[in-house]
Amino acid sequence: MSTEDPDFAKKIVTCLDRGAESVKAGAAYRLQLARQAALARLADPQRTAESQLASAHAGTGSGAMGGGRSFWASGRLWLGIAIIVAAGFGFQQWQAYQQLHDLEETDAAILSSDLPIDAYLDRGFQNWLKRASDED
Amino acid sequence: MARDARTDPQLATLQEISAFLAEVERRAFKQAMFAVRDEDSALDVVQDAMLKLTEKYSGKPAAELPMLFQRILQNTIHDHFRRRKVRLTWTTVLSSLGKGDEKDEDFDPLETLPAKSDSNVAADPAAQFEQVQIVSIVEEALSRLPARQREAFLLRYWEELDVAETAAAMGCSEGSVKTHCSRAVHALAAMLKAKGVSL
């Protein structure tokens, strides 16, 4: 059958050509409008230049998405980076605040205690405490 | 700097692009119809492909336009199916959360049927009508082929791309193109034989 393939394919293609010729008027009109819209975009040199410039900046993307979309895609990228950086900075600030808060609480507890602060450093006082607790 | 595609003699002129699109638009529409089986969606696919061609690839030589356009068209069809899959997933999830009793009330099976390409030929003579019937059967058989086989067949034989160009447009090897084409021809022959159609 392989030797007959081209002939058979040609006959199929002939049928397909007839089918394409008999596209409904409404569809043909919409195709014409679509073509005109595409060509109008091409005929606008400023827009074409912008889209080409945008595609050049975007690198070798697989899909042709349009110039405007490249801009917004880039905008979203930078917005995402900004949010991540802001979140990291905020987390660092929160950690520093927590450390300061813990130190403040420790300092306040020591300062508000009835014992003078030197007592915590006095080895004799600690020995007296230990002896007193042993006697009890 | 962006090149001015209209002043470079090697690049396609506006007239060449216009003529190319005018020549290919109906075949592109039919190709999209075979794949998506919905006239509105097929028209959207062709329009997207045309816009992408003119926006991104107009700065190419005229000789490269057919292969580029076919690649864009196939990618746009694939994008259509991807979007539809996502949309169907969400629709299924949301509808399952909604009222189950009313789920099938808005469903009209007639809306899922492909539009007949011969719906405006009722006034044609009998011989033409028979020809249209054959065309319709061939198109139906083609639309039932596996997507890759249909792509390969249409690009290779209808768009008359060579094997290398077809492989580039489909993103596969030349051997795969030959295999897909051979299988498509055999499958079409079998389907038409089953319908009693001889070309």
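1. Helices here are DSSP runs of H or I, at least four residues, and strands are runs of E, at least two, numbered from the N terminus. Keep in mind that this is a predicted model, where local features need pLDDT of at least 70, side-chain atom pairs count only at pLDDT 80 or more, and totals for chains, interfaces and linings use all residues. Residues are numbered from 1 along each chain as its sequence is written, with chains lettered from A and ligands numbered from 1 in the order in which they are written.

2. H7(B) has a clear inside. Val177(B), His180(B), Cys181(B), Ala184(B), Val185(B), Leu188(B) and Leu192(B) are buried (20 or more other C-beta atoms within 10 Å of a residue's own; exposed means 12 or fewer, partly exposed in between, with C-beta atoms placed from the backbone). Exposed residues on the face turned away are Gly175(B), Ala190(B), Lys193(B) and Ala194(B).

3. Chain B has 7 helices and 0 strands, and 36% of its 199 residues are buried. In H4(B), the buried set includes Val132(B), Glu139(B) and Leu142(B).

4. A word on chain A: its pLDDT (the predictor's confidence in each residue, from 0 to 100) averages 78, and 74% of the residues score at least 70. Confidence in chain A is lowest in H3 (residues 45-58), at a mean of 52, and highest in H2 (residues 25-43), at 89.
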